[in-house]
Amino acid sequence: MKHALIKAAAIAGALLASTSPVLAKTAYDGVWLFDDTPPTPGVTMMEVTSKGGKIAGSVTTKWYGPVEMMNPHIEGGVLKFEARNLNDRDHLTRQWSVAIEDGRAHLKGQIWESEVDSTGRAGTATDAKARAFKFTALPPLGAPIPSKLAATPPMGWSSWNKFADHIDDKTVRAMADALVSSGLRDAGYIYINIDDGWQGERDAKGVLQPNAKFPDMKALTAYVHSKGLKIGIYSSQGPKTCAGYIGSYGHVKQDADTYADWGFDYLKYDLCSGEWFYADADTVKRSYYEMGKALQEAGKRTGRDIVFSLCEYGRFDVGSWGRDVGGVLWRTTGDITDDYPTMAKIGFDKNGNPAWAGPHGWNDPDMLEIGNGGMSADEYRTHMSLWAMSAAPLMMGHDLREMSPETLAMLTNRRVIAVDQDALGVQGKPVRKAGSLEVWAKPLSDGRVALALFNRGDSAAPLALSPADAGLASVDGVEDLWSGAKAGALPAGYQVPARGVVMVAVHGAK
């Protein structure tokens, strides 16, 4: 009888164990390998474990490393979980799912703009070790490393707005030639900057090589330098750049040395996939400091000054600490596009705190769109005037070989450029607003004050200036900065075009 009871208990226990979900492993446990998925975000592996009914796991990607499963659970035979999302305040997390279909794992989900709909095969612990993301630690913040470069805002050309990542050695050389032949170089535009799309793969020692479109970086920088110009390059502190090329994650010092050895004078450092790893003020600052320090050391070794351009979209009051990490300019906003609403939103409202700007450190509202064709002449004139009044870097973004005379005249107006490049380095700001009309003022080193009358409305409007707009008691000289016309006194009023501007410089008694 005793043995029968023991046997019955054992059978009951076995039945309970076989039917209890608390003790059972899930069908999703193990390693799943993804071999052919879209490059963004580049899913390579999924790992799932369960114990006592508790499920844990992650999805490894080339962009973000391991993406942790949040609240994983089985529902209707499907593994469901949430994953942290990026850049979408309305969706801080996204719903993901995994279904087993014919012995394979069908993974579906989304991070920011990247859709995932991929199927993976079963793998082993050895496979997991081979595909594991290699983390790198951030160094602590050290002593501030302010730069003494760029006493005035940098001026030049960048490839992204026109060419995106479809850029090559031949086009860069052609832009350098055009910068010189057009007179733009002599007007102050001296940087030729290669944005995203130049990167190839790393060699056996981890040194990043350019792709086939850039066969010889040293030869390219030498060619640009021979034109009396300087040249810039682009990277990200993340594993991937914004266009999906290799970033500097885990190779920061190595990449800084490479850029210096190649002969580059400027680095734009774009947060991109790095925002997954560096998501708060402390880590973002340290990630920029790491490269700023590396550029400083590489510059000392090679004797090359490298302008450090921070691109983290204005997060965490970047202008208040940009200089401390070696920054010479820092983006105040997301990307500009070639349309008036976006340009105006950035130029009027997202151009940075004027208190942060000055010699050797500039608020950067992004590149110029003038010449790309998406705005009218008045709108482009507003664009140029806003950037000049804001003491913003002037980085053109159009094809320099295809400029109209009007575009060239706008970009080479020496009077307007002088306002941007004024040695005092003060960022202008609004002194008066009335509906769609705004008056901005910017003091200049020669004692004059630049005034810009902006009309953000859709029809022309009258607007008068007074000496008080310039902080003066009286005005005895006026120069129209777009036309060059001069007068001894302010007129009774100006007619400001729709979405247009009038820009003058005045002097007088205080």
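**Close-up views of the predicted model**

**Figure 1. The parallel sheet.** Eight strands, 8 in number by DSSP pairing, make up an open sheet with parallel pairing, in the order S18-S17-S16-S15-S14-S11-S10-S19. Strand S18 (362-364) and strand S19 (394-396) are the edge strands, each pairing on one side only. On average, neighbouring strands of this sheet are turned by 25° against each other, direction ignored. The model is predicted: local features need pLDDT of at least 70 and side-chain atom pairs count only at pLDDT 80 or more, whereas totals for chains, interfaces and linings use all residues. Residues are numbered from 1 along each chain as its sequence is written, and side-chain values use heavy atoms, with hydrogens and water left out. Helices (H or I, at least four residues) and strands (E, at least two) are DSSP runs numbered from the N terminus; two strands pair if DSSP finds at least two bridges between them. Axes are lines fitted to C-alpha atoms, for helices over the stretch in contact, and angles between N-to-C directions run from 0 to 180 degrees.

Figure 2. Strand S16 (residues 307-311) and strand S17 (residues 329-331) run parallel and are joined by 2 bridges. Serine 309 has leucine 329 in S17 as its bridge partner. Helix H4 lies across strand S10 (155-158), S11, S14 and S19. Relative to S11, H4 runs at about 160°.

**Figure 3. The antiparallel sheet.** A sheet of 9 strands is open and antiparallel in its pairing, with the order S4-S3-S2-S1-S9-S8-S7-S6-S5. At its edges are strand S4 (65-68) and strand S5 (70-75), each of which pairs on one side only. From one strand to the next, the twist averages 25°. Strand S1 (residues 30-33) runs antiparallel to strand S9 (residues 114-123), and 3 bridges join the two. Within this pair, valine 31 stands opposite glycine 123 in S9.

**Figure 4. Surroundings of helix H5.** At the start of H5, a side-chain oxygen of aspartate 216 comes to within 3.2 Å of the backbone nitrogen of lysine 218. Glycine 228 follows H5 and has a positive phi, near 75°.

**Figure 5. Helix H6 and its cover.** Helix H6 (residues 252-262) is mostly covered, with 8 of its 11 residues buried. The buried residues are Val252, Asp255, Ala256, Asp257, Thr258, Tyr259, Ala260 and Trp262. Among the elements that cover them are strand S12 (199-202), strand S13 (208-210), helix H5 (217-226), strand S14 (230-235), strand S15 (266-270) and helix H8 (281-302). After H6 comes glycine 263, whose phi is positive, near 105°.

**Figure 6. Contacts of arginine 202.** Arginine 202 is placed in strand S12. Its side chain makes a polar contact with the side chain of aspartate 255 (2.9 Å), and the side chain of arginine 202 also reaches the backbone oxygen of glycine 247 at 2.9 Å. A polar contact is a pair of N or O atoms within 3.5 Å; within protein, one must be able to donate a hydrogen and the other to accept it, and residues adjacent in sequence count only if both atoms are side-chain atoms. With neighbours within four places in sequence left aside, arginine 202 is in contact with Val207, Leu208, Ile246, Gly247, Ser248, His251, Gln254 and Asp255.

Figure 7. The whole structure holds 1 disulfide (a pair of cysteine sulfur atoms within 2.5 Å). The disulfide is formed by cysteine 242 and cysteine 272, whose sulfur atoms are 1.9 Å apart. Cysteine 242 lies in the loop between S14 and H6 and cysteine 272 in the loop between S15 and helix H7 (274-277), so the pair ties together parts that are 30 residues apart in sequence. The torsion about the S-S bond of cysteine 242 and cysteine 272 is about -90°, and the disulfide is therefore left-handed. Cysteine 242 counts as partly exposed, at 41% relative accessibility, whereas cysteine 272 counts as buried, at 5%. Cysteine 311 is buried at 1% relative accessibility. The sulfur of cysteine 311 is 6.8 Å from the closest cysteine sulfur, in cysteine 242, which is too far for a bond.

Notes
Buried < 20%, exposed > 50% of the residue type's maximum accessible area, 1.4 Å probe, protein only. Contact = heavy atoms within 4.5 Å.
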